[in-house]
Every structure is written in structure tokens, then in C-alpha cells.
Amino acid sequence: MITFVTNPFFVGFPVGQPGAGFSAGATVAEAQGAGTATAAAFAAGDATGLGQGVATIEATGSSSGAGIATADSPFVVDGADFDGINDYMTRGAGLTGAADSKLGIFSAWLRLDGGDGVAQYLLEGTNRVAVTRRNDNKISVIGTNAAGVGVMTLVTNATYAAGASWIHVLASWDMAGGVGGRHLYINGVSDLDVVTFTDDTIDYTVADWTIATIGAGSFKLDGCLAEFYFAPGQYLDFSVVANRRKFFKTSSQPAFLGATGSLPTGVAPLVYQHLDDGEAVANFATNRGTGGNFTITSVLATASSSPSD
């Protein structure tokens, strides 16, 4: 038995880890149980554990040891290091299951290692969607409609330069939601300057998607990525603290998103690139979401630190 408790693209652009005792291949937040535990507890805001709040846990496997899995349990991940010269990833096609929508969620852990004053891409979808660290060192989220007209530009007020620390980028948008439908948080704190936000549909059905670059290898990321999550067509109101906690724990570390990234909303995202602690870094190209795998150009290295540290 297991007990659950909870304690524009750059400036000027026009537009489970297995817990101890788990069987190989298990993905869990943490379960240290007396005897053998097999559980899947899923609640995106609806399951309450012993008066302690919201439980968002998915644990699968067998465990032997001492008893409790919690939503805020230790969850250790690795990151992928992109060198800013050769390394990036491409989908080579559209995202499987993508549909144009007014909704979206983006979450990623980012460590900037260099390239200050130069635009660097985290995510790009054929000149329609982009998440960047711009050449003014601000982070932006861009969306355009099918005609290529920019309908969304969310930008941080603060600048973010290279350094040893990881930062968490969290954004969501509901284009029909007005002022209350746009959110951009860095390390759990709102940092939002809205340049453009029009009630229109974002074009997610594009020919290709790239991570850590744009197109065929320009504006590459000199830095590391971990827990990379993108969910077109889904939305959470991140002004609600409990929704932010689904990605960013009170300890300022990654929250467990589930094996397929489905825990935050109940639906797996189109993109969820994840590495367990000690997992081969080449597996960062394996999409745990539903949109299809990516292909690595060059050879990635495992990040020398982790947002779980």
C-alpha cells in the first residue's frame, strides 16, 4: 500500500527518475515504501492528501523501504548541454497531433553559458512560434497567426545573462483571455511586459520545429536545457500558485511532471524532453510527449549541473 500526502523572435524580428529499489525503467517522483508499491495517483488540482493540499503524483514500479510518496519529494533530473556552435535538435516535420489554437503552455529550465548580447533560441516553429533569449538579454515568447502576422509577444522586464545558476521559464497564454490570459514567470516570479496580445489563433501546424536554434542552425543556444515542456492547445492560469507548483516546487527545483508530462493538465503535451539522473544524454531527443521525436545535430554533453541540485 502506498500513502499519498502533499505537504518578435529577437529584437527587430518582423513578425523519474527511478527511486531507490525501483525496477529498471520505472519513472517516479519518489516512493519509499514498506513492501511493494504500485501506484498511479493523478490529480491536476483535484486530489487532496490527508489535509495537506493537492497531490500530483505518478509512481509506477516496485519499491522496498520505508513508506511515503509526496508531490514535493526529491526528483532528480539531468540537463543537456548545447555548445552554441554545433549543437541543436530538429523535429524534421510538424508536431504530431498539432492544431492551431489560442492556447499554449511553455516550461523549461535554462542555464545560460555564454552569448550575451546575441539572440539565442530555445524553441522555434518555422517563423510562427519562438521562445528566445533576445539580443537585449530579455526572454520572449512569440506567436503569429497563419498569415504570419504577430499576435503575441510576451517579454520579460528583467535581463538574463550567462551564469552558473539555472533559471525556470514558465509561460501560458489564452489569446481570448485578455489581461488575465497571459503569464510569464521566471523562477516562480511574474516578469511580464506585454508588447502584443491579440485575440487571434496561433499557427502551430508548421513544417518543422527546432530546439536550441532557428531553422538550419542559426542563433544557437550556448547553454543547457532540462525538463523542456511545450503544450500547444493547453492552458493553465499561472497567477494561481498551485498551478505554478506543478512545474516549480517550493524548493525552487523541478516538479515531477509524470512519465509523459501529463500530470500538470491531465493531458500529455506535444513536447516533453526529459532526462533521468544519469540517463544517456542522447535520450534528450526522445520526446516523452506525443508530438514525435527530435534528431540531434552534433553530439550533446550532459550538463555539468542540474536544476535539481
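Me: Which residue stands opposite Ile139 in S8?

Reply: Arg133 does. This is a predicted model, in which local features need pLDDT of at least 70, side-chain atom pairs count only at pLDDT 80 or more, and totals for chains, interfaces and linings use all residues. Residues are numbered from 1 along each chain as its sequence is written, and side-chain values use heavy atoms, with hydrogens and water left out.

Me: What makes S7 and S8 a pair?

Reply: Two strands (DSSP runs of E, at least two residues, numbered from the N terminus) pair if DSSP finds at least two bridges between them. Strand S7 (residues 129-133) and S8 have five bridges, in the antiparallel sense.

Me: Where is the positive phi in the hairpin of S7 and S8?

Reply: Asn137 takes a positive phi near 70° there.

Me: Why is Tyr121 called buried?

Reply: Buried means under 20% relative accessible area, exposed over 50%, and partly exposed in between (1.4 Å probe, protein chains only). Tyr121 has 0% relative accessibility, so Tyr121 counts as buried.

Me: And why is Phe219 called partly exposed?

Reply: Because Phe219 has 34% relative accessibility.

Me: How many aromatic pairs are there?

Reply: The count is nine. Rings of Phe, Tyr and Trp (its six-membered ring) pair if their centres lie within 6.5 Å; planes under 30 degrees apart count as stacked, over 60 as edge-to-face and the rest as tilted.

Me: Why is the pair of Tyr121 and Phe219 called tilted?

Reply: Their centres are 6.1 Å apart and their planes are at 45°, so the pair is tilted. Tyr121 and Phe219 are 98 residues apart.

Definitions and conventions
Helix = DSSP H or I, 4+ residues; strand = E, 2+ residues; numbered from the N terminus.
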